[in-house]
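Please prepare a briefing on the local geometry of the model shown here. Which contacts, burial values and backbone features can be read from it?

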Amino acid sequence: MTDLDAALAALAQRGVTSLPPLGLVLGSGLGPLADEAENAVSIPYAEIPGFPQPSVAGHKGRLVVGELEGRRVALFQGRGHYYERGRADAMAVLIEAFKRLGGSTLFLTNAAGGLHTDWTPPSLVAITDHINFAGVNPLIGRASDDRFVPLTRAYDPALLEALRAAGAEANVTLREGVYMWFNGPSFETPAEIRMAKLLGADLVGMSTVPEVILARLHGLSCVAVSLVTNFAAGLSGGDPSHAETQEYAAKGSADFRRLLRAFVKTQA
Ligand code: HPA
């Protein structure tokens with residue numbers, strides 16, 4: 001049995017034989033959204049073979065299927081990162097299981113460092129495109145030709161439009177930018193941040209990019225938002241730390257949740 005089959009079997013055993021079309025991967029600070037879901041079932045990742053077993057404080061590791069704004073959604077609370085075990089495909093089984101059970105849209109969220117001096121933390125930024133600077137790819141080793149995934153429109157233009165509308169509806173300032181994936185887990189140096197800026201990045205972070213690649217492999221549409229928890233290293237005195245990331249993730253959480261709820265309302 002493959003990991004995917006084992007995951008589907010474990011989910012079925014707990015009564016989950018289908019998932020709603022919209023799934024959200026909840027990053028730092030967004031855990032409370034999963035607690036707010038109504039009529040929810042919750043399954044720890046630990047009980048689903050192949051799902052990531054989070055090792056980061058503040059990442060819980062559970063699937064919550066429930067209602068937000070009267071719509072059923074799948075909330076993936078916690079994610080696997082490349083830096084945890086050196087596997088860029090840490091989220092492969094979770095994402096394929098979502099697709100197999102009916103998922104069609106994946107909303108990725110994360111905490112990130114900001115490269116603009118006027119993006120005061122906590123700021124919310126819609127990701128319009130990415131730069132894979134980690135030097136790895138979750139599809140390395142995949143033997144079939146579907147591995148040549150086009151990423152020209154990785155972040156779905158129609159979903160981005162819906163997200164802009166949600167920002168207006170929720171009355172939050174939503175900036176837009178390019179996210180650059182660093183593998184971490186150490187933060188960047190000031191020289192790396194100057195380089196990132198020269199290369200066209202607006203945000204730096206340690207997640208999301210491999211998830212978008214996997215999601216596009218399976219034909220899922222993607223939309224993503226970063227919560228800027230800090231000025232990137234060396235910028236405006238930026239000296240990022242895990243503690244600061246967590247502190248500002250919590251500070252931005254209420255606006256972020258309002259934005260996500262408004263987005264959910266834009267979906268059928
Ligand atoms: N760099 C990388 N990842 C991050 C940062 C950062 O400055 N802040 C939050 N996640």
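**A90 and its surroundings**

Apart from its neighbours within four places in sequence, A90 is in contact with G50, P52, G80 and H81, where contact means heavy atoms within 4.5 Å. This is a predicted model, in which local features need pLDDT of at least 70, side-chain atom pairs count only at pLDDT 80 or more, and totals for chains, interfaces and linings use all residues. Residues are numbered from 1 along each chain as its sequence is written, and side-chain values use heavy atoms, with hydrogens and water left out.

- A90 sits in the loop between α3 (82–85) and α4; helices (H or I, at least four residues) and strands (E, at least two) are DSSP runs, numbered from the N terminus.
- The relative accessible area of A90 is 23%, so A90 is partly exposed; buried means under 20%, exposed over 50%, and partly exposed in between (1.4 Å probe, protein chains only).
- Between the C-alpha atoms of A90 and G205, which are 115 residues apart along the chain, the separation is 16 Å.

**Helix α1 and helix α4**

- Helix α1 (residues 3–13) and helix α4 (residues 92–100) have axes that come within 10 Å and cross at roughly 60 degrees. The axes are lines fitted to C-alpha atoms, for helices over the stretch in contact, and angles run from 0 to 180 degrees between N-to-C directions.
- That angle makes α1 oblique to α4; angles under 35 degrees count as roughly parallel, over 145 as roughly antiparallel, 65 to 115 as roughly perpendicular and the rest as oblique.
- On the α1 side the contact is made by D3, L4, D5, A7 and L8, and on the α4 side by V93, E96, A97 and R100.
- These contact residues of α1 and α4 comprise five nonpolar, no polar and four charged. Ala, Val, Leu, Ile, Met, Phe, Trp, Tyr, Cys and Pro count as nonpolar, Asp, Glu, Lys and Arg as charged, and the others, Gly among them, as polar.
- L4, A6, A7, L8, A10 and L11 are the buried residues of α1, and their cover includes β2, β3 and α4.

**Aromatic pairs**

- Five aromatic pairs are found in a search of the whole structure. Rings of Phe, Tyr and Trp (its six-membered ring) pair if their centres lie within 6.5 Å; planes under 30 degrees apart count as stacked, over 60 as edge-to-face and the rest as tilted.
- The ring centres of F76 and F98 are 5.7 Å apart and the planes are at 85 degrees, so this pair is edge-to-face.
- Because F76 is in strand β4 (residues 71–77) and F98 in helix α4, the pair ties together parts that are 22 residues apart in sequence.
- F76 is buried at 0% relative accessibility, and F98 is buried at 0% relative accessibility.

**Buried positions elsewhere**

- S253, in helix α8 (residues 242–266), is buried at 3% relative accessibility.
- Leaving aside neighbours within four places in sequence, S253 is in contact with G29, L30 and P32.
- G61 lies in the loop between β2 (38–44) and β3 (62–68) and is buried, with a relative accessible area of 9%.

**Backbone features**

- P121 and P122 are joined by a cis peptide bond with omega of about -5 degrees.
- The peptide bond from G184 to P185 is also cis, with omega near 0 degrees.
- E69, in the loop between β3 and β4, is not a glycine but has a positive phi of about 55 degrees.
- S236 is not a glycine either, and has a positive phi of about 50 degrees; S236 is partly exposed, with a relative accessible area of 45%.
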